[in-house]
Amino acid sequence: WQDLGDRVTRPTAGAGATSAARPTATIGAPPAAPAYGSQVSIDLGGTNLQNGVVQFEFEDGQTLAKTVGGREARATAHNPSTGRYIYFNIDDAFLYAKDSAVAVTVTYFDQGGFEFWIDYDSTDLKATEGGIWKQTPTPNRLTGSQQWMTATFVLPDAFFGGRQHNDADFRIGVGNAMLYVDGVTVTNLSLPPVVGPDPSER
């Protein structure tokens, strides 16, 4: 997270947004550490609303701002690769390079009949490239209900050391299809649960 540079303050689309994951510091005082509790999240749209999570563009991780089902979202877009992805980086103050059990909840629009999954930076040395690209064993299949839905993936051996492309900790993978994602929440399962707001309806 510390190495994100201008990616932290540059929204995926739109202008004038600042990262909710970087608190304002008082002149002459050391910067305050973010207090996230057991969850961090991001609300995706024309301008992403970040709370400890950054989404960024990459060669095989291009996205488009869309409005579908009454909500703003970002959708996987065509790219030169055979797959489509959405990349995410977690604030190091929340979790960094530590064997942890986390849950990733994805709010998506159920349109189509394809599957999506999570590739994450893990401690599993048997996974691709020594654990950097571990795929969740059970993908989530869309059913075409034309409703906003949530899918939760439990990652029992997350590492989140920023070892994926451009310091990413995980990515949503979808193959060659357009997946609409409204929000992503990451929960550290070793910490007490928190009660948060319902998924965005903006």
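So, β1 and strand β2, residues 49-51, pair in the antiparallel sense over 2 bridges. Helices (H or I, at least four residues) and strands (E, at least two) here are DSSP runs numbered from the N terminus, and two strands pair if DSSP finds at least two bridges between them. I42 has Q50 in β2 as its bridge partner, and a hairpin of 5 residues takes you from β1 to β2.

Quick word on what you're looking at: it's a predicted model, where local features need pLDDT of at least 70, side-chain atom pairs count only at pLDDT 80 or more, and totals for chains, interfaces and linings use all residues. Residues are numbered from 1 along each chain as its sequence is written, and side-chain values use heavy atoms, leaving out hydrogens and water.

β1 also runs antiparallel to β13, with 5 bridges joining them; Q39, for one, has T187 in β13 as its bridge partner. Beyond four places in sequence, N188 is in contact (heavy atoms within 4.5 Å) with S38, F94, A101 and V102.

Now, the largest nonpolar core: 32 residues, with F160 and V186 among those with the most contacts inside it. By nonpolar core I mean buried Ala, Val, Leu, Ile, Met, Phe, Trp, Tyr and Cys residues joined through side-chain atoms within 4.5 Å. Elements giving two or more residues to this core include β1 and β13. Apart from it lies another core, of 7 residues, including F56 and Y87.

Conventions: Buried means under 20% relative accessible area, exposed over 50%, partly exposed in between (1.4 Å probe, protein chains only).
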